[in-house]
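Have the structure open as you read.

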Amino acid sequence: MSQRVRFNLIGLGNIGRNLLDVLEQRRAQVLADYGLDFVLVGAADSSGAAFDAAGLDAAAVRDLKLARRGVSAYPGAGHPGMSGLALARAVEADVLVDASPTNLRDGEPGLSCTRYALQAGQHVVAANKGPLVLHYAELMQAAQQTGRRVLFSGTVAGGLPTVNIGVRDLAGCGVTRVEGIFNGTTNYILTRMEQEGIAYEQALEGAQAAGIAEPDPTLDVDGWDAANKLVIIANSVLRRPTVLADLQVEGIRGVTRETQQAAAAEGKVIKLIALAEQCGDPAKRDYTLSVRPTALERDHPLARTGLWDMGVVYHTDYMGIISAVIEEKVPVPTSAAVLRDMINLYQA
Ligand SMILES: NC(=O)c1ccc[n+]([C@@H]2O[C@H](COP(=O)([O-])OP(=O)(O)OC[C@H]3O[C@@H](n4cnc5c(N)ncnc54)[C@H](OP(=O)(O)O)[C@@H]3O)[C@@H](O)[C@H]2O)c1
């Protein structure tokens, strides 16, 4: 017996497009292992949307995007100018997948789509951090009211199960400290500076030329991307209602070869660390939260991370120290994390 699961996909960029590929490649296995048959009933991008209650041809959607065309050009089912929210309203679905751009001003377009989906009794899987960073408590409450779930394991360090380890595998455990390298771009820049002895500007240019850093690298190099991810960890794993303003944030622009060399002379290496540290009465579960360049001892699990790595270390009361690292050279692991969440929605 298989279960047909209809989903809408908002955003058809790196993550959305690769999700369609991953789903296609794993269709038979997901059906055999979990009895789940995921059917794309709607998709939206900046051109508009396409929907068909009987199911869109996911390969045709992907091919449109690879041909640099909008999904609204989908033959017979495309709707130029249709928003993601209008799409969600137009076609019934069981799951909304939000792979739209992260917008930290008002959370749109993902926020409206997420709110609508939850109120309509749909589950939500998010790769997009925006709505969670801005409205975590509201969205979780909305999901609880309709008995649905919001899963977002790809939002913090892509394929690395940072959220899942904290929420699921540390259940019942106290977390005293979380250390994370949550931003790949800054770890790439710092690692190249360290390994090749080049200046920050040169390493940044290299990252931009390789397509790793955005033309405007502010979000990454000033620490805000890592901070957004720490906000999600604080709300979900640490259960501390948290907004960006609760964090002290410093990026890597001030890290020089000299500061790296001074750290190296003490047997240390500088990494951009997102840190949550328990403070005050443990029963109140409060934490100080920061993102800043930090000199780590060379044998620290995160000090050993290489060019393409991100990682997390959980310090706990009962389980000791748990660390995990991922090498993530391409966006595919995040798309695979979205699939992981889609499957996990239907696991007990
Ligand atoms: N890339 C990663 O490794 C990674 C890792 C973790 C999380 N994420 C998050 O995942 C999300 C997607 O990332 P990405 O790398 O796939 O981004 P991307 O390549 O820039 O793709 C964004 C997609 O959203 C579409 N879009 C833009 N405005 C829209 C609107 N108003 N309504 C509907 N769709 C709209 C774009 O349309 P067009 O195709 O027409 O331009 C594009 O298809 C982001 O929130 C990102 O922060 C990404």
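This is a predicted model: local features need pLDDT of at least 70, side-chain atom pairs count only at pLDDT 80 or more; totals for chains, interfaces and linings use all residues.

The contact draws on 14 residues from domain 1 and 15 residues from domain 2. On the side of domain 1 that touches domain 2, helix α5 (residues 130–146) supplies the largest share, four residues.

**The core**

Now for the inside. The largest nonpolar core has 97 residues, and the members that touch the most others are Ala43, Val61, Val97, Leu230 and Val338. Helix α10 (residues 224–236) gives the most to this core, with seven residues. Where does the core sit relative to domain 1 and domain 2? Both domain 1 (3–159 + 332–344) and domain 2 (162–327) give residues to this core, so it lies between them.

Ala43 is a handy place to start looking. Leaving out residues up to four places away in sequence, alanine 43 touches Leu9, Leu12, Ala49, Ala50, Leu56, Val61 and Val71. Val61 is itself among the core members that touch the most others.

**Two helix pairs**

Two packed helices are described by the angle between their axes and the distance between the axes. Here are two pairs side by side.

| Helix pair | Angle | Axis separation | Crossing |
|---|---|---|---|
| α7 and α8 | about 130° | 9 Å | right-handed |
| α5 and α10 | about 25° | 9 Å | left-handed |

Start with α5 and α10. With an angle of about 25° between them, α5 is roughly parallel to α10, since angles under 35 degrees count that way. Leu132, Val133 and Tyr136 of α5 make the contact with Asn228, Val231, Ile232 and Asn235 of α10.

On the α7 side, the contact uses Thr185, Tyr188, Ile189, Arg192 and Met193, and on the α8 side Tyr200, Ala203, Leu204, Gly206 and Ala207.

Most residues other than glycine have a negative phi, and most peptide bonds are trans. The peptide bond from glutamate 108 to proline 109 is cis, with omega near 5°, and proline 109 lies in the loop between β5 (95–98) and α4 (110–119).

Alanine 157 has a positive phi, near 70°. You'll find alanine 157 in the loop between β7 (150–151) and α6 (162–169). Is alanine 157 buried or exposed? With 30 other C-beta atoms within 10 Å, alanine 157 is buried, because 20 or more is enough to count.

Arginine 285 also has a positive phi, near 50°, and sits in the loop between β10 (268–279) and β11 (286–297). Arginine 285 has 14 other C-beta atoms within 10 Å, so it is partly exposed.

**One last pair**

Alanine 264, in helix α11 (residues 257–265), counts as partly exposed, with 15 C-beta neighbours inside 10 Å. Alanine 264 and alanine 295 are 31 residues apart in sequence, and their C-alpha atoms are 8.9 Å apart in space.

How values were computed: Residues are numbered from 1 along each chain as its sequence is written. A nonpolar core is a set of buried Ala, Val, Leu, Ile, Met, Phe, Trp, Tyr and Cys residues joined through C-beta atoms within 7 Å. A residue is buried if 20 or more other C-beta atoms lie within 10 Å of its own, exposed if 12 or fewer, and partly exposed in between; C-beta atoms are placed from the backbone. Helices (H or I, at least four residues) and strands (E, at least two) are DSSP runs, numbered from the N terminus. Domain bounds come from an automatic or database domain assignment. Two residues are in contact if their C-beta atoms, placed from the backbone, lie within 7 Å. Axes are lines fitted to C-alpha atoms, for helices over the stretch in contact, and angles run from 0 to 180 degrees between N-to-C directions. A crossing is left-handed if the near helix is turned anticlockwise from the far one by less than a right angle, and right-handed if clockwise. Angles under 35 degrees count as roughly parallel, over 145 as roughly antiparallel, 65 to 115 as roughly perpendicular and the rest as oblique.
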